[in-house]
Amino acid sequence: MTDWAQSKKHLAWFSIDRFDDNISRFSNYFIHSINEINAINCPASLEAVKQSQYPDLIDLFTLFISEISEYNVPICINWITTTT
C-alpha cells in the first residue's frame, strides 16, 4: 500500500473505523485530508466544517466541490474500511 501511495501525486488519505460514525467527524477528516494536497486549498469548506458540529452535508460538499473545482488537479481518494 505504501508503494502505491508514494506513486500518486495528489493523494488524500484518512482512516475511519466502526467508531467513526459521526457526520461531523467524517466531514472534518475528509475535507482536511483533501486540503493536505499541496495543490488544493479549500478554506471556506474548512471553516464551515469547523463552525458546525452537525453540518448539512449537501451544503458542505457543494461548497467543497465548488472550491476544489477551481483547481485543475486530479485527486485520488482511496477508501479503505476495516472490520474488527
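Q: Is Ile31 buried or exposed?

A: A residue counts as buried when its relative accessible area is under 20%. In this predicted model, Ile31 has 0% relative accessibility, so it counts as buried. Ile31 is found in helix 2.

Q: Leaving aside neighbours within four places in sequence, which residues is Ile31 in contact with?

A: Ile31 is in contact with Cys42, Ser45, Leu46, Leu60, Phe61 and Phe64. Separation in sequence and distance in space are also read separately: Ile31 and Val49 are 18 residues apart in sequence, while their C-alpha atoms are 8.1 Å apart in space.

Q: What is the general idea behind a nonpolar core, and which residues of the largest one touch the most other members?

A: In soluble globular proteins, nonpolar side chains tend to be buried together. Here the largest nonpolar core has 13 residues, and those touching the most other members are Phe30, Ile31, Ile34, Ile40, Phe61 and Phe64. Two or more residues of this core come from each of helix 2, helix 3 (43-51) and helix 4. Helix 4 gives the largest share, four residues.

Q: How are helix 2 and helix 4 oriented, and which residues make their contact?

A: The axes of helix 2 and helix 4 cross at roughly 0 degrees and come within 12 Å. Helix 2 is therefore roughly parallel to helix 4. On the side of helix 2, the contact is made by Ile23, Phe26, Ser27, Phe30, Ile31 and Ile34; on the side of helix 4, by Leu57, Leu60, Phe61, Phe64 and Ile68. Sorted by class, this contact has 10 nonpolar residues, one polar residue and no charged residues.

Q: How many aromatic pairs does the structure hold, and why is the pair of Phe30 and Phe64 given its particular class?

A: The structure holds four aromatic pairs. In the pair of Phe30 and Phe64, the ring centres are 5.7 Å apart and the planes stand at 70 degrees, so this pair is edge-to-face. The pair links distant parts of the chain, since Phe30 lies in helix 2 (residues 23-35) and Phe64 in helix 4 (residues 57-68), 34 residues apart.

Definitions and conventions. Residues numbered from 1 in each chain as written. Predicted model: local features only at pLDDT ≥ 70, side-chain atom pairs only at ≥ 80, totals over all residues. Heavy atoms only, no water. Phe/Tyr/Trp six-rings, centres within 6.5 Å; stacked < 30°, edge-to-face > 60°. Core = buried A, V, L, I, M, F, W, Y, C linked by side-chain atoms within 4.5 Å. Buried < 20%, exposed > 50% of the residue type's maximum accessible area, 1.4 Å probe, protein only. Axes fitted to C-alpha atoms, helices over the stretch in contact; angles between N-to-C directions. Parallel < 35°, antiparallel > 145°, perpendicular 65-115°, else oblique. Contact = heavy atoms within 4.5 Å. Nonpolar A, V, L, I, M, F, W, Y, C, P; charged D, E, K, R; others polar.
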